[in-house]
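Please look through the sequence and the three-dimensional structure shown here before reading on. The report that follows goes through the strands, then some single residues.

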Amino acid sequence: MIQRQCPECDGELVLARHSDNQGSGVEARPSTYLRCSTCGGEFTAEQVRESKRAKQLDGATAQEIS
Ligand SMILES: [Zn+2]
């Protein structure tokens, strides 16, 4: 199972789905997203991935606890 951590607070992210599917709207917003159970932030999988990449660079010298 893939563990996802919040880019903001390292809280646990859970997969959520937008229920307001307005068919006529723009499709820039993905229908699924990751919601942080700690701070309530919403992130796309892409955002989490990119922040993780940045984190790996950032914490290259730090110990990874996971
Ligand atoms: Zn969070």
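## How β2 and β3 pair

Strand β2, which covers residues 32-36, pairs with β3 in the antiparallel sense, and 2 bridges lie between them. Two strands count as paired if DSSP finds at least two bridges between them; the strands themselves (E, at least two residues) and the helices (H or I, at least four residues) are DSSP runs, numbered from the N terminus. In this pairing L34 stands opposite F43 of β3, and R35 has E42 of β3 as its bridge partner. The two strands form a hairpin with 5 residues between them, and in its turn G40 has a positive phi of about 80 degrees.

This is a predicted model, in which local features need a pLDDT of at least 70 and side-chain atom pairs count only at pLDDT 80 or more, while totals for chains, interfaces and linings use all residues. Residues are numbered from 1 along each chain, as its sequence is written.

Taken together, the strands make an open sheet of 3 strands in the order β1-β2-β3, with antiparallel pairing. Because β1 (13-17) and β3 (42-43) each have a single partner strand, they stand at the edges, and one side of each is left without a neighbour in the sheet.

In a regular strand the side chains alternate between the two faces of the sheet.

## The chain and its confidence

The chain holds 1 helix and 3 strands, and from the N terminus on its elements run β-β-β-α. The confidence that the predictor gives each residue is its pLDDT, on a scale from 0 to 100. The chain averages a pLDDT of 78, and 61% of the residues score at least 70. Among the elements, β3 has the highest mean pLDDT, at 92, whereas helix α1 (residues 45-58) has the lowest, at 76.

Burial is judged by counting the other C-beta atoms, placed from the backbone, within 10 Å of a residue's own: 20 or more make the residue buried, 12 or fewer make it exposed, and a count in between makes it partly exposed. By this rule, 8% of the 66 residues in the chain are buried. A contact, in turn, means that the C-beta atoms of two residues, placed from the backbone, lie within 7 Å. Among the contacts between residues at least 6 apart in sequence, 47% join residues that are at least 24 apart.

P7 lies in the segment before β1, and it counts as buried because it has 20 C-beta neighbours inside 10 Å. Which residues does P7 contact, leaving aside its neighbours within four places in sequence? They are F43, Q47, V48 and S51. For F43, the separation from P7 is 36 residues in sequence, but 8.6 Å in space from C-alpha to C-alpha.

D10 also has its place in the segment before β1. This residue has a positive phi of about 65 degrees although it is not a glycine, and with 14 C-beta neighbours inside 10 Å it counts as partly exposed. S31, by contrast, lies in the loop between β1 and β2, and it is exposed, with 11 other C-beta atoms within 10 Å. The C-alpha atoms of S31 and A16 are 8.6 Å apart in space, and the two residues are 15 apart in sequence.

Not counting residues up to four places away in sequence, Y33 touches A16, H18, E42, F43 and T44. The C-alpha atoms of Y33 and R17 are separated by 6.1 Å, although the two residues are 16 apart along the chain.

E42 lies in strand β3 and counts as exposed, since it has 12 C-beta neighbours inside 10 Å. When residues up to four places away in sequence are not counted, E42 touches Y33 and R35. The C-alpha atoms of E42 and V14, which are 28 residues apart along the chain, are separated by 9.6 Å.
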